[in-house]
Amino acid sequence: MTLQDRITHDIAEAMKAREQGRLSALRMAKAALMNASVSKGRDLEEGEAQQVVVTLIKQRRDSIEQFRAAGRTDLVDREAAEIGVLERYAPAAATGEDIARAVDEAMAQTGATGPKDMGRVMKAVMSALGGKTADGKAVNELVRKKLSGSA
């Protein structure tokens with residue numbers, strides 16, 4: 001069953017169970033998947049569909065930061081609940097050990113020696129983490145520390 005099929009099936013279940021929060025998040029995800037499919041002019045591959053979900057989660061996290069700064073805890077709670085629903089459909093998250101290993105391998109592979117090699121290392125790390133989601137900020141900070149020699 002594809003990701004889009006799972007979401008469609010879960011929308012029906014949420015409607016039957018009258019779970020409005022879950023239903024809203026799933027409908028939003030389905031709409032985003034359909035928009036991505038239309039913009040590509042074809043059905044999405046599984047990896048592309050998962051990337052859409054990852055993007056939606058990242059957008060929610062960014063919104064939470066903004067809402068916290070504005071003191072809107074009601075909206076923070078809603079966005080956090082949506083993240084909880086969406087994370088069930090996202091690929092597995094990379095652990096700290098996975099990220100550290102990928103950074104070390106990328107530095108060895110690219111021959112990186114200093115901060116000027118940041119772009120090459122980041123590209124190699126993100127491709128090495130292929131099927132897993134990783135917070136770009138965390139990866140960036142770790143790469144920056146290792147390249148500057150403080151880690």
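Two residues are counted as being in contact when heavy atoms of each lie within 4.5 Å. By this criterion, among the contacts in the protein between residues at least 6 apart in sequence, 55% join residues at least 24 apart. The model described here is a predicted one.

The protein contains seven helices and zero strands, and from the N terminus on its elements therefore read α-α-α-α-α-α-α. Along the principal axes, the C-alpha atoms fill a box of roughly 55 × 40 × 25 Å. Of the 151 residues, 34% count as buried. The accessible surface comes to about 9,300 Å², and carbon and sulfur atoms account for 51% of that area. As for charge, there are 24 positive and 22 negative side chains, and the centres of these two sets lie 2 Å apart.

We can turn next to the interior. In soluble globular proteins, nonpolar side chains tend to be buried together. In this model, the largest nonpolar core has 25 residues. Ile-7, Leu-26, Val-52, Val-53 and Tyr-89 are the residues with the most contacts inside this core. The elements that give two or more residues to the core are helix H1 (3-17), helix H2 (20-40), helix H3 (46-70) and helix H4 (73-86). A second, separate core has 16 residues, including Met-118, Met-122, Leu-129 and Leu-147.

Helix H6 (residues 118-128) shows how burial can be arranged around a helix. Its buried residues are Met-118, Val-121, Met-122, Ala-124 and Val-125. These residues lie on the same side of H6, because they cover an arc of only 165° around the axis. On the other side of H6, Lys-123 and Ser-127 are exposed. The cover over the buried residues of H6 includes helix H5 (96-110) and helix H7 (136-148).

Ser-37 lies in helix H2. Is Ser-37 buried or exposed? Its relative accessibility is 13%, so Ser-37 counts as buried, the cut-off for burial being under 20%. Apart from neighbours within four places in sequence, Ser-37 is in contact with Arg-42, Asp-43 and Leu-44. Ser-63, for its part, is found in helix H3. With a relative accessibility of 23%, Ser-63 counts as partly exposed. The C-alpha atoms of Ser-63 and Glu-79 are separated by 7.4 Å, and these residues are 16 residues apart along the chain.

Finally, a residue outside the helices deserves mention. Arg-18 lies in the loop between H1 and H2. Although Arg-18 is not a glycine, this residue has a positive phi of about 55°. Arg-18 is also exposed, with a relative accessible area of 71%, which is over the 50% cut-off for exposed residues.

Methods:
Residues numbered from 1 in each chain as written. Predicted model: local features only at pLDDT ≥ 70, side-chain atom pairs only at ≥ 80, totals over all residues. Heavy atoms only, no water. Core = buried A, V, L, I, M, F, W, Y, C linked by side-chain atoms within 4.5 Å. Buried < 20%, exposed > 50% of the residue type's maximum accessible area, 1.4 Å probe, protein only. Helix = DSSP H or I, 4+ residues; strand = E, 2+ residues; numbered from the N terminus. Areas by Shrake-Rupley, 256 points an atom, 1.4 Å probe, with all protein chains shown as cover. Lys, Arg positive; Asp, Glu negative; His and termini not counted. Charge placed at Lys NZ, Arg CZ, Asp CG, Glu CD. Arc of directions from axis to C-beta.
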